[in-house]
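These are my notebook entries on one structure, kept for a reader who is new to it. I set down what I looked up, entry by entry.

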Amino acid sequence: MAGEGQILRNARVDKGWSLTQAEEVTKIRIRYLEALEEEAYHILPGDTYTKGFLRTYAKHLGINPEEVLEHYKALGQQQEKPLSAEPAPPLPRRRPQWIKPVLVAVTGVVALVVVIGIASLSKHPGTTIAPEDIVTPLPTTPQEEVVQQPENTPPPDDTPPAQTSPSNPQNVIAQENEGLVAQLVFSQPCWIRVNVDGQFAFEGTFTQGATKELKAKDQIELVTVGNAGGLTVTLNGKTWPSLGAQGQVVNNIILKKDSANQISLLP
């Protein structure tokens, strides 16, 4: 030994201190005090901590700290000289203690993302509908309605039905007042759920450019619109105000005849 460890131990014994008492006075852990007295400096956190512990321990024992540090420095100079002895084998590398909690946390986050994804899919079911897959029903004329009547229906009288042509707009308005006709135009992909006259009609995801026509007697309810800014609604030939911003989710939009009459026609 270089001597500083023995000096510290002798001074502690002369004071009648145990290592526990020395720990209470110096606030240095017992294992570090033992390492200082045995000069087992590899146990200490580093050279800076070692010098600080030596100085503190020496002051509390009444020893000149500089004398103890001179012994320590002399030991360091001797260790820098090449030795013929074989180097000590490296200590086994231990895996950091924080790895296990981190792995557990990452696994939990991945599981949570999977659960949220499954819940989202189950909450918004429906298949993607391409524009070419959507067939918009054409309005039927009075003549076509006569052909579709059952065989036992009495034939209409000889009075010819009024023509619903652009030259007779009053007949068009009269036909629209008998119910509701809503035209949905999707300028962006949009998920939607619709009820007609209080009954479930359909739900699904419509792609950009798709259209859908709805007919009802009293009201049409847009239960949920997943992208309000991507949907334009025309009710009985009148354009409905914007439902919301792009990406906004809106609920329970009610389309009725009295509300349709309050919308001004676009120029």
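I take helices (H or I, at least four residues) and strands (E, at least two) as DSSP runs, numbered from the N terminus. The model is predicted, with pLDDT of at least 70 needed for local features and 80 or more for side-chain atom pairs, while totals for chains, interfaces and linings use all residues. Residues are numbered from 1 along each chain as its sequence is written, and side-chain values use heavy atoms, with hydrogens and water left out.

Entry: Asp-258.
I located Asp-258 in helix 9 (residues 257–260). I then looked up its exposure, where buried means under 20% relative accessible area, exposed over 50%, and partly exposed in between (1.4 Å probe, protein chains only). Asp-258 is partly exposed, with a relative accessible area of 48%. Its C-alpha atom is separated by 9.9 Å from that of Asp-218, which is 40 residues away along the chain.

Entry: helix 1 and helix 4.
I compared the axes of helix 1 (residues 4–15) and helix 4 (residues 47–61), which come within 10 Å and cross at roughly 35°. Such axes are lines fitted to C-alpha atoms, for helices over the stretch in contact, and angles run from 0 to 180 degrees between N-to-C directions. Taking contact as heavy atoms within 4.5 Å, I found that Leu-8, Ala-11, Arg-12 and Lys-15 of helix 1 meet Leu-54, Tyr-57, Ala-58, His-60 and Leu-61 of helix 4.

I count two strands as paired if DSSP finds at least two bridges between them. An open sheet of four strands has the order 5-2-7-8, with antiparallel pairing. Strand 5 and strand 8 (238–239) are at its edges with a single partner strand each, so one side of each has no neighbour in the sheet. Strand 2 pairs with strand 5 over six bridges in the antiparallel sense, and Gln-183 has Glu-213 in strand 5 as its bridge partner. Five bridges join strand 2 to strand 7, also antiparallel, and there Ala-182 has Leu-235 as its bridge partner.

Entry: strand 6.
Six of the seven residues of strand 6 (residues 219–225) are buried, so this strand is largely enclosed by the rest of the structure. Strand 6 runs antiparallel to strand 3 (residues 190–196), joined by five bridges, and antiparallel to strand 9 (residues 250–256), joined by six. Leu-222 stands opposite Val-194 and also opposite Ile-253 in strand 9.

Entry: nonpolar cores.
I define a nonpolar core as a set of buried Ala, Val, Leu, Ile, Met, Phe, Trp, Tyr and Cys residues joined through side-chain atoms within 4.5 Å. In the largest, of 25 residues, Ile-192, Ile-220, Leu-222, Leu-231 and Leu-243 touch the most other members. Another core lies apart from it and has 22 residues, among them Ala-22, Leu-33, Tyr-41 and Leu-61.
I finally traced Leu-231: leaving aside neighbours within four places in sequence, Leu-231 is in contact with Leu-184, Val-185, Phe-186, Ser-187, Ile-192, Leu-222, Val-225 and Leu-243.
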